[in-house]
Amino acid sequence: MNIAVDKYAWSSCEPTELQEKLSAADISVVFDQGSENPRFHIDVTVAMIREMAAWKIFSETGYEIQYLFRPADRIELHFVESGTFEVETEEQEFSATAGTAFMLLSSGPTRLKASRSACKIALAIPRSLCLPLIHLENGDPEAFFRRFDAMADLTEKGVRTIHLMAALLLESGDHPFAGSPLGASLFQEALITAFLQSWPTSAQKTMIQAARPRNLKRALDWIQAHLGEEFTVLDIARNAGQSVRSLQLSFQQNVGMNPLNYVQRLRLQQIHHELLHGDADENISDIAARWGFSHMGYFAARYRALYGVSPSSTRASRRRLSPPSNI
(Lines give C-alpha, C1' and ligand atoms only; values in the text may rest on other atoms or scores of the structure.)
Protein backbone atom coordinates (compact mmCIF):
# COMPACT_ATOMS: atom_id res chain seq x y z
CA MET A 1 0.00 0.00 0.00
CA ASN A 2 1.50 3.29 -1.12
CA ILE A 3 0.15 6.03 1.17
CA ALA A 4 2.26 9.18 0.85
CA VAL A 5 2.96 10.93 4.16
CA ASP A 6 5.11 14.06 4.46
CA LYS A 7 5.86 16.70 7.05
CA TYR A 8 7.50 20.13 6.76
CA ALA A 9 8.23 23.02 9.12
CA TRP A 10 9.47 26.54 8.39
CA SER A 11 10.09 29.78 10.21
CA SER A 12 10.31 32.77 7.92
CA CYS A 13 10.66 36.55 7.92
CA GLU A 14 10.33 36.81 4.12
CA PRO A 15 6.87 36.36 2.55
CA THR A 16 8.11 35.42 -0.93
CA GLU A 17 10.44 32.75 0.43
CA LEU A 18 7.61 31.20 2.45
CA GLN A 19 5.24 31.25 -0.52
CA GLU A 20 7.75 29.26 -2.56
CA LYS A 21 8.20 26.67 0.18
CA LEU A 22 4.45 26.25 0.63
CA SER A 23 4.01 25.97 -3.12
CA ALA A 24 6.40 23.02 -3.07
CA ALA A 25 3.96 21.40 -0.59
CA ASP A 26 1.05 22.11 -2.99
CA ILE A 27 -0.29 25.01 -0.90
CA SER A 28 -0.68 28.07 -3.14
CA VAL A 29 -1.19 31.39 -1.34
CA VAL A 30 0.02 34.98 -1.52
CA PHE A 31 1.10 36.63 1.76
CA ASP A 32 0.71 40.33 2.42
CA GLN A 33 2.60 41.52 5.50
CA GLY A 34 0.62 44.78 5.61
CA SER A 35 1.93 48.31 5.20
CA GLU A 36 1.27 49.16 8.87
CA ASN A 37 3.78 46.51 9.97
CA PRO A 38 7.05 46.37 7.99
CA ARG A 39 8.17 43.30 9.94
CA PHE A 40 7.01 39.84 8.96
CA HIS A 41 7.24 36.68 11.02
CA ILE A 42 5.49 33.37 10.59
CA ASP A 43 6.00 29.77 11.73
CA VAL A 44 4.36 26.99 9.71
CA THR A 45 4.22 23.23 10.20
CA VAL A 46 2.51 21.11 7.52
CA ALA A 47 1.63 17.41 7.63
CA MET A 48 0.21 15.48 4.67
CA ILE A 49 -1.58 12.16 4.22
CA ARG A 50 -2.08 11.77 0.49
CA GLU A 51 -4.08 14.81 -0.65
CA MET A 52 -5.25 15.71 2.87
CA ALA A 53 -3.21 18.43 4.59
CA ALA A 54 -3.05 19.71 8.16
CA TRP A 55 -1.05 22.76 9.17
CA LYS A 56 -0.33 24.93 12.17
CA ILE A 57 0.49 28.58 11.60
CA PHE A 58 1.60 31.21 14.12
CA SER A 59 2.63 34.81 13.49
CA GLU A 60 3.99 37.43 15.86
CA THR A 61 3.36 40.23 13.37
CA GLY A 62 0.10 39.23 11.71
CA TYR A 63 -0.43 38.75 7.97
CA GLU A 64 -2.95 38.61 5.15
CA ILE A 65 -3.41 35.69 2.79
CA GLN A 66 -5.08 35.49 -0.60
CA TYR A 67 -5.93 31.93 -1.63
CA LEU A 68 -4.94 30.86 -5.14
CA PHE A 69 -6.39 27.35 -5.15
CA ARG A 70 -10.00 26.47 -5.96
CA PRO A 71 -11.77 26.06 -2.59
CA ALA A 72 -14.60 24.18 -4.34
CA ASP A 73 -12.25 21.21 -4.63
CA ARG A 74 -11.77 20.92 -0.87
CA ILE A 75 -13.21 21.74 2.53
CA GLU A 76 -11.11 23.65 5.04
CA LEU A 77 -11.61 23.53 8.80
CA HIS A 78 -9.77 26.16 10.87
CA PHE A 79 -9.36 25.92 14.66
CA VAL A 80 -8.38 29.27 16.22
CA GLU A 81 -6.10 28.92 19.24
CA SER A 82 -5.12 32.57 19.72
CA GLY A 83 -5.59 35.94 18.06
CA THR A 84 -8.30 36.98 15.62
CA PHE A 85 -8.85 35.96 12.01
CA GLU A 86 -10.89 38.15 9.65
CA VAL A 87 -12.31 36.12 6.76
CA GLU A 88 -13.77 37.53 3.57
CA THR A 89 -15.29 35.50 0.73
CA GLU A 90 -17.74 36.32 -2.05
CA GLU A 91 -20.54 35.08 0.19
CA GLN A 92 -19.72 36.27 3.68
CA GLU A 93 -17.46 38.23 6.01
CA PHE A 94 -16.83 37.31 9.63
CA SER A 95 -14.37 37.32 12.54
CA ALA A 96 -13.12 34.20 14.33
CA THR A 97 -11.48 34.51 17.75
CA ALA A 98 -9.69 32.05 20.04
CA GLY A 99 -11.91 29.17 21.08
CA THR A 100 -13.84 29.11 17.81
CA ALA A 101 -13.57 27.15 14.57
CA PHE A 102 -14.74 27.97 11.07
CA MET A 103 -15.25 26.22 7.76
CA LEU A 104 -14.38 27.51 4.28
CA LEU A 105 -16.59 26.30 1.45
CA SER A 106 -16.56 29.32 -0.86
CA SER A 107 -15.83 28.65 -4.52
CA GLY A 108 -14.69 32.22 -5.14
CA PRO A 109 -11.82 34.48 -4.01
CA THR A 110 -10.98 34.15 -0.33
CA ARG A 111 -8.89 36.51 1.84
CA LEU A 112 -7.87 35.92 5.42
CA LYS A 113 -6.32 38.48 7.77
CA ALA A 114 -4.60 37.34 10.96
CA SER A 115 -3.95 39.63 13.92
CA ARG A 116 -0.67 39.78 15.80
CA SER A 117 0.03 36.65 17.87
CA ALA A 118 -2.57 34.71 15.89
CA CYS A 119 -2.31 30.93 15.88
CA LYS A 120 -4.52 28.28 14.33
CA ILE A 121 -4.56 24.68 13.23
CA ALA A 122 -6.23 23.99 9.89
CA LEU A 123 -7.27 20.93 7.96
CA ALA A 124 -7.89 20.69 4.20
CA ILE A 125 -9.98 17.70 3.10
CA PRO A 126 -10.52 16.98 -0.61
CA ARG A 127 -14.23 16.61 -1.28
CA SER A 128 -13.50 13.50 -3.33
CA LEU A 129 -12.42 11.74 -0.12
CA CYS A 130 -15.74 12.58 1.55
CA LEU A 131 -18.08 11.34 -1.17
CA PRO A 132 -17.65 7.58 -0.53
CA LEU A 133 -18.60 8.14 3.13
CA ILE A 134 -21.82 10.12 2.67
CA HIS A 135 -25.32 9.34 1.46
CA LEU A 136 -26.68 11.87 -1.03
CA GLU A 137 -30.47 11.79 -1.10
CA ASN A 138 -30.75 14.17 -4.05
CA GLY A 139 -27.35 13.50 -5.62
CA ASP A 140 -26.13 17.02 -4.84
CA PRO A 141 -22.86 17.04 -2.80
CA GLU A 142 -22.93 20.86 -2.53
CA ALA A 143 -26.28 20.76 -0.73
CA PHE A 144 -24.90 18.17 1.68
CA PHE A 145 -21.87 20.27 2.63
CA ARG A 146 -23.90 23.48 2.84
CA ARG A 147 -25.91 22.10 5.76
CA PHE A 148 -22.84 22.42 8.02
CA ASP A 149 -22.51 25.52 10.20
CA ALA A 150 -19.87 27.97 9.00
CA MET A 151 -18.69 28.55 12.59
CA ALA A 152 -18.44 26.34 15.67
CA ASP A 153 -17.16 26.35 19.24
CA LEU A 154 -14.00 24.42 20.13
CA THR A 155 -15.66 23.21 23.33
CA GLU A 156 -18.24 21.21 21.35
CA LYS A 157 -17.29 17.57 21.70
CA GLY A 158 -17.21 16.68 18.01
CA VAL A 159 -15.30 19.81 17.01
CA ARG A 160 -12.78 19.25 19.80
CA THR A 161 -12.22 15.68 18.60
CA ILE A 162 -11.43 16.83 15.05
CA HIS A 163 -9.15 19.56 16.42
CA LEU A 164 -7.19 17.08 18.54
CA MET A 165 -6.86 14.62 15.66
CA ALA A 166 -5.47 17.33 13.39
CA ALA A 167 -3.11 18.48 16.16
CA LEU A 168 -1.78 14.93 16.50
CA LEU A 169 -0.43 15.09 12.95
CA LEU A 170 1.47 18.28 13.83
CA GLU A 171 3.22 17.22 17.03
CA SER A 172 6.97 17.79 17.07
CA GLY A 173 9.17 15.10 15.57
CA ASP A 174 8.62 12.77 12.65
CA HIS A 175 5.26 12.25 10.96
CA PRO A 176 3.27 10.00 13.35
CA PHE A 177 2.47 7.60 10.51
CA ALA A 178 5.80 7.75 8.68
CA GLY A 179 6.34 4.04 9.28
CA SER A 180 2.73 2.90 8.99
CA PRO A 181 1.03 3.46 5.62
CA LEU A 182 -1.98 1.39 6.69
CA GLY A 183 -2.27 3.39 9.92
CA ALA A 184 -2.13 6.62 7.91
CA SER A 185 -4.95 5.46 5.63
CA LEU A 186 -7.15 4.36 8.54
CA PHE A 187 -6.45 7.57 10.48
CA GLN A 188 -7.37 9.68 7.45
CA GLU A 189 -10.67 7.86 7.05
CA ALA A 190 -11.40 8.15 10.79
CA LEU A 191 -10.70 11.89 10.75
CA ILE A 192 -12.94 12.51 7.73
CA THR A 193 -15.67 10.37 9.30
CA ALA A 194 -15.42 12.38 12.53
CA PHE A 195 -15.90 15.58 10.53
CA LEU A 196 -18.88 14.30 8.54
CA GLN A 197 -20.62 12.93 11.63
CA SER A 198 -19.65 15.51 14.26
CA TRP A 199 -19.40 18.98 12.70
CA PRO A 200 -22.45 20.96 13.88
CA THR A 201 -25.38 21.53 11.54
CA SER A 202 -28.48 23.67 11.77
CA ALA A 203 -31.57 22.93 9.73
CA GLN A 204 -32.94 26.41 10.40
CA LYS A 205 -29.72 28.22 9.59
CA THR A 206 -29.52 30.69 6.70
CA MET A 207 -26.64 29.34 4.67
CA ILE A 208 -25.49 32.66 3.22
CA GLN A 209 -24.78 35.06 6.07
CA ALA A 210 -25.17 38.79 5.67
CA ALA A 211 -22.04 40.89 5.32
CA ARG A 212 -20.73 42.24 8.59
CA PRO A 213 -22.10 45.75 9.30
CA ARG A 214 -19.70 48.61 8.64
CA ASN A 215 -20.27 50.05 12.12
CA LEU A 216 -19.31 46.74 13.68
CA LYS A 217 -16.07 46.65 11.70
CA ARG A 218 -15.25 50.14 12.99
CA ALA A 219 -15.92 48.93 16.53
CA LEU A 220 -13.68 45.86 16.12
CA ASP A 221 -10.86 47.94 14.64
CA TRP A 222 -11.13 50.51 17.45
CA ILE A 223 -11.04 47.81 20.13
CA GLN A 224 -7.94 46.22 18.57
CA ALA A 225 -6.16 49.60 18.48
CA HIS A 226 -7.01 50.46 22.13
CA LEU A 227 -6.93 46.99 23.69
CA GLY A 228 -4.27 47.93 26.26
CA GLU A 229 -6.25 50.94 27.49
CA GLU A 230 -9.22 51.30 29.85
CA PHE A 231 -12.52 51.99 28.10
CA THR A 232 -16.24 51.29 28.38
CA VAL A 233 -18.93 50.00 26.05
CA LEU A 234 -20.03 53.61 25.62
CA ASP A 235 -16.53 54.52 24.38
CA ILE A 236 -16.70 51.73 21.80
CA ALA A 237 -20.16 52.76 20.65
CA ARG A 238 -19.23 56.44 20.28
CA ASN A 239 -16.17 55.63 18.17
CA ALA A 240 -18.20 53.22 16.04
CA GLY A 241 -20.90 55.84 15.46
CA GLN A 242 -23.82 53.97 17.02
CA SER A 243 -25.78 53.64 20.23
CA VAL A 244 -24.80 51.24 23.01
CA ARG A 245 -27.93 49.17 22.38
CA SER A 246 -27.25 48.90 18.64
CA LEU A 247 -23.64 47.95 19.35
CA GLN A 248 -24.67 45.21 21.76
CA LEU A 249 -27.21 43.77 19.32
CA SER A 250 -24.69 43.87 16.48
CA PHE A 251 -22.08 42.03 18.54
CA GLN A 252 -24.55 39.38 19.66
CA GLN A 253 -25.80 38.76 16.13
CA ASN A 254 -22.43 38.82 14.33
CA VAL A 255 -19.80 37.88 16.92
CA GLY A 256 -21.87 35.70 19.22
CA MET A 257 -21.04 37.55 22.45
CA ASN A 258 -21.40 40.99 24.01
CA PRO A 259 -18.70 43.66 23.52
CA LEU A 260 -17.17 43.31 27.01
CA ASN A 261 -16.85 39.52 26.66
CA TYR A 262 -15.20 40.04 23.28
CA VAL A 263 -12.70 42.51 24.77
CA GLN A 264 -11.99 40.16 27.65
CA ARG A 265 -11.31 37.28 25.27
CA LEU A 266 -8.84 39.38 23.26
CA ARG A 267 -7.03 40.40 26.45
CA LEU A 268 -6.85 36.80 27.64
CA GLN A 269 -5.33 35.92 24.27
CA GLN A 270 -2.64 38.56 24.78
CA ILE A 271 -1.85 37.17 28.24
CA HIS A 272 -1.72 33.65 26.80
CA HIS A 273 0.78 34.81 24.18
CA GLU A 274 2.96 36.60 26.76
CA LEU A 275 2.99 33.52 29.00
CA LEU A 276 4.28 31.46 26.07
CA HIS A 277 6.59 33.96 24.41
CA GLY A 278 7.22 36.87 26.80
CA ASP A 279 9.58 37.41 29.74
CA ALA A 280 9.64 34.09 31.60
CA ASP A 281 10.58 35.83 34.86
CA GLU A 282 7.73 38.34 34.92
CA ASN A 283 5.05 37.68 37.54
CA ILE A 284 1.83 36.32 36.10
CA SER A 285 -0.11 38.80 38.25
CA ASP A 286 1.79 41.69 36.65
CA ILE A 287 0.96 40.43 33.15
CA ALA A 288 -2.70 40.03 34.09
CA ALA A 289 -2.84 43.51 35.62
CA ARG A 290 -1.31 45.03 32.47
CA TRP A 291 -4.29 43.68 30.54
CA GLY A 292 -6.93 44.84 33.01
CA PHE A 293 -7.29 41.93 35.45
CA SER A 294 -6.81 43.13 39.02
CA HIS A 295 -8.41 40.14 40.77
CA MET A 296 -6.24 37.04 40.28
CA GLY A 297 -8.94 34.55 41.25
CA TYR A 298 -11.32 35.91 38.64
CA PHE A 299 -8.56 36.10 36.05
CA ALA A 300 -7.46 32.50 36.66
CA ALA A 301 -11.06 31.27 36.36
CA ARG A 302 -11.65 33.08 33.06
CA TYR A 303 -8.30 31.94 31.68
CA ARG A 304 -9.02 28.30 32.54
CA ALA A 305 -12.49 28.55 31.01
CA LEU A 306 -10.96 29.65 27.70
CA TYR A 307 -7.80 27.53 27.53
CA GLY A 308 -8.64 24.56 29.75
CA VAL A 309 -5.48 24.97 31.88
CA SER A 310 -4.22 27.39 34.51
CA PRO A 311 -1.96 30.36 33.61
CA SER A 312 0.92 28.72 35.51
CA SER A 313 0.48 25.51 33.49
CA THR A 314 0.69 27.50 30.27
CA ARG A 315 3.93 29.10 31.39
CA ALA A 316 5.35 25.71 32.41
CA SER A 317 4.50 24.31 28.97
CA ARG A 318 6.88 26.75 27.23
CA ARG A 319 9.77 24.66 28.48
CA ARG A 320 8.48 21.80 26.35
CA LEU A 321 8.02 23.93 23.24
CA SER A 322 10.70 24.30 20.62
CA PRO A 323 10.67 26.48 17.47
CA PRO A 324 9.94 24.73 14.18
CA SER A 325 12.88 23.22 12.33
CA ASN A 326 13.19 21.48 9.01
CA ILE A 327 11.86 17.97 9.23
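Axes are lines fitted to C-alpha atoms, for helices over the stretch in contact, and the angles between them run from 0 to 180 degrees between N-to-C directions. Two packed helices are described by the angle between their axes and the distance between the axes. In this predicted model, the axes of helix 9 (residues 259–277) and helix 11 (residues 296–307) cross at roughly 85 degrees and come within 11 Å. Because angles of 65 to 115 degrees count as roughly perpendicular, helix 9 is roughly perpendicular to helix 11. On the side of helix 9, the contact is made by Q264, R265, L268, Q269, I271, H272 and L275. Helix 11 contributes Y298, F299, R302, Y303, L306 and Y307. Of the residues in the contact of helix 9 with helix 11, eight are nonpolar, three are polar and two are charged.

Seven strands form an open sheet in the order 1-3-4-11-6-9-12, with antiparallel pairing. Strand 1 (5–12) and strand 12 (151–153) stand at the edges of this sheet. Each of these two has a single partner strand, so one side of each is left without a neighbour in the sheet. Neighbouring strands of the sheet are turned against each other by 15 degrees on average, direction ignored. Strand 6 (residues 74–82) and strand 11 (residues 118–126) pair in the antiparallel sense, and eight bridges link them. In this pairing, V80 stands opposite K120 of strand 11. In a regular strand the side chains alternate between the two faces of the sheet.

Strand 7 (residues 84–88) pairs with strand 8 (residues 93–97) in the antiparallel sense over five bridges. A hairpin of four residues joins strand 7 to strand 8. F85 stands opposite A96 in strand 8. Strand 7 is also joined to strand 10 (residues 111–114) by four bridges, and these two strands run antiparallel. Here the bridge partner of V87 is L112 in strand 10. Strand 7 therefore has antiparallel pairings with strand 8 and with strand 10, given that two strands pair if at least two bridges are found between them.

The structure holds six salt bridges. One of them joins the side chains of E76 and R74, with an N to O distance of 3.0 Å. Both E76 and R74 are buried. The numbering places this pair in strand 6, which spans residues 74–82.

A further salt bridge is formed between the side chains of D221 and K217, at 3.1 Å from N to O. D221 and K217 are four residues apart in helix 6 (residues 214–225), so about one helical turn separates them. D221 has a relative accessible area of 42% and is therefore partly exposed. K217, at 36% relative accessibility, also counts as partly exposed. The cut-offs behind these terms are under 20% for buried and over 50% for exposed, with partly exposed in between.

The side chains of R290 and E282 also meet in a salt bridge, with an N to O distance of 2.6 Å. R290 is partly exposed, because its relative accessible area is 40%. Salt bridges that share partners join E274, E282 and R290 into one network.

Methods
Residues numbered from 1 in each chain as written. Predicted model: local features only at pLDDT ≥ 70, side-chain atom pairs only at ≥ 80, totals over all residues. Heavy atoms only, no water. Salt bridge = Lys/Arg side-chain N within 4 Å of Asp/Glu carboxyl O. Buried < 20%, exposed > 50% of the residue type's maximum accessible area, 1.4 Å probe, protein only. Parallel < 35°, antiparallel > 145°, perpendicular 65-115°, else oblique. Contact = heavy atoms within 4.5 Å. Nonpolar A, V, L, I, M, F, W, Y, C, P; charged D, E, K, R; others polar.
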